[in-house]
Amino acid sequence: MRVTGSALTKQDEEQRGALVERIFHGGIAVLEMLSIYVGDRLGLYRALSRVGPSTGGELARAVGIHERYAREWLEQQAVAGIVEVVTESADGATRTYALAPGHAEVLLDRDSLNYLLPVTWAIPGLAATLPALLAAYRGGGGVPYSDYGAEFRSSIALLNRPMFLNQLGSEWLPAMPDVDRRLRADPPARVADIGCGTGWSSIAMARAYPKARVDGFDLDEPSITSARENAAESGIGDRLHFEARDAAASGQPGSYDLVTAFETIHDMSDPVAVLTKMRTLVAPGGAVLIADEKVAEAFAAPGDEVERFMYGWSVLHCLPVGRVDPPALGTGTVMRPAILRRYASQAGFSGVEILPIQHDLWRFYRLRP
Ligand SMILES: C[S@@+](CC[C@H](N)C(=O)[O-])C[C@H]1O[C@@H](n2cnc3c(N)ncnc32)[C@H](O)[C@@H]1O
């Protein structure tokens, strides 16, 4: 029997040391991510950006929190390299801090492709579902999407929103010239956006194509409520329509020029039924576009960072949400191209083309009815 610690080779010891270091760094990362969440939820970053260099007392007064907490948070943020010390003071009481210039966009600019702060909003939802997740692992069931809560939903929405508003109408859809032409033409084109979440992809398409009408469908009622609010604020709500519905039962067959599903097929309990429905929704000559995670073609360990990122979501969220309703296929976040091709073929599509769109995290598939 090998006794832990007594019979390790040099290589084993190096491996042990590397994991110790990695877990220590992971602990720092989790703590700092949650401190960023605190800074965002209490409006601390926004206040620093608005007011400029501030002491703990000034920041506390600006946002209405207790000074002792403001001071500790600022010290922690400075030690973590997120804010900068502007002027020192001997006892720290009048030390001033400012947001590092390169960090404001990442933390505050909702429209920027660099707005990564919403990743921190997912953590409380992931933590809150852990008891249900453990039960699902033991029993094989699922964890409903709604259990992850409002902040988790917002996390996804705010992370994807800048991509939709900046790239969907200017890069992704123009990669299908026939679709791009149809969306600009008369009679006004109709688009069905399946698993539309809080509606930003639908709004982006209606914005990019001023004649098109977009119907968004999602199973999650609170997402559809937010989508309607977002549409009303967008000023183009008259061309947007949202319904809380299972994708497999959404829309009029044969009536859409384009049917889309952004980062959603891998979350579905029955992706083949949804893809079958998407195929029947398109009018003759219409197109089906799927954007989903750009994972590797095949499993390999160790994996690269995209693979690690996607498996992380899968074991904590996407796999359990895909195991809620029968047939509960449970695809998980790591939906490799071969899996999507298989689903598409089972759904009756004649072919799948990968579109030449540059993107770090997503791959774009055009499915041929
Ligand atoms: C990761 S979110 C993506 C949302 C949105 N497309 C985006 O990119 O921001 C996945 C969405 O799929 C929806 N969904 C999952 N299964 C569904 C189904 N059978 N019918 C409709 N929507 C579904 C969920 O409610 C959730 O809003």
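Good morning. One caution at the start: the model is predicted.

Let's take the whole protein. It has 369 residues, and 46% of them are buried. The secondary structure comes to 14 helices and nine strands. Along its principal axes, the C-alpha trace spans about 75 × 65 × 35 Å.

Now the contacts. Take those between residues at least 6 apart in sequence. Of these, 65% join residues at least 24 apart.

Next, the surface. The accessible surface comes to about 18,000 Å². Carbon and sulfur atoms account for 56% of that. As for charges, there are 36 positive and 45 negative ones. Their mean positions lie 4 Å apart.

On to helix α8. Find residues 149-172 in the structure. That is 24 residues, and a straight helix of that length would span 34 Å. How far apart are the end C-alpha atoms of α8? They span only 30 Å. Now look along the helix for a kink. There is one of about 40°, centred on phenylalanine 164.

Now the backbone. Most peptide bonds are trans, and most residues other than glycine have a negative phi.

Cis bonds come up at two prolines. Aspartate 186 and proline 187 are joined by a cis peptide bond, with omega about -10°. Where is proline 187? Look in the loop between α9, residues 177-184, and β3, residues 190-194. The other cis bond runs from proline 326 to proline 327. Its omega is near 5°. Proline 327 sits in the loop between α13, residues 305-321, and α14, residues 337-346.

Stay in that loop for a moment. Alanine 328 is there too, between α13 and α14. Its phi is near 50°, a positive value in a residue other than glycine. Is alanine 328 buried or exposed? Its relative accessibility is 15%, and the cut-off for buried is under 20%, so it counts as buried.

Glutamate 263 also has a positive phi, near 45°. Find it in the loop between β6, residues 256-262, and α12, residues 271-281. Its relative accessible area is 21%, so glutamate 263 is partly exposed.

To recap, then. Helix α8 has its kink at phenylalanine 164. Thank you.

Methods. Residues are numbered from 1 along each chain as its sequence is written. This is a predicted model: local features need pLDDT of at least 70, side-chain atom pairs count only at pLDDT 80 or more; totals for chains, interfaces and linings use all residues. Side-chain values use heavy atoms; hydrogens and water are left out. Helices (H or I, at least four residues) and strands (E, at least two) are DSSP runs, numbered from the N terminus. The expected span of a helix is 1.5 Å times one less than its number of residues. The bend at a residue is the angle between axes fitted to the seven residues ending there and the seven starting there. Buried means under 20% relative accessible area, exposed over 50%, partly exposed in between (1.4 Å probe, protein chains only). Contact means heavy atoms within 4.5 Å. Accessible areas come from the Shrake-Rupley method with a 1.4 Å probe; for residues, only the protein chains shown count as cover. Lys and Arg count as positive and Asp and Glu as negative; His and the chain ends are not counted. The place of a charge is taken as NZ of Lys, CZ of Arg, CG of Asp or CD of Glu.
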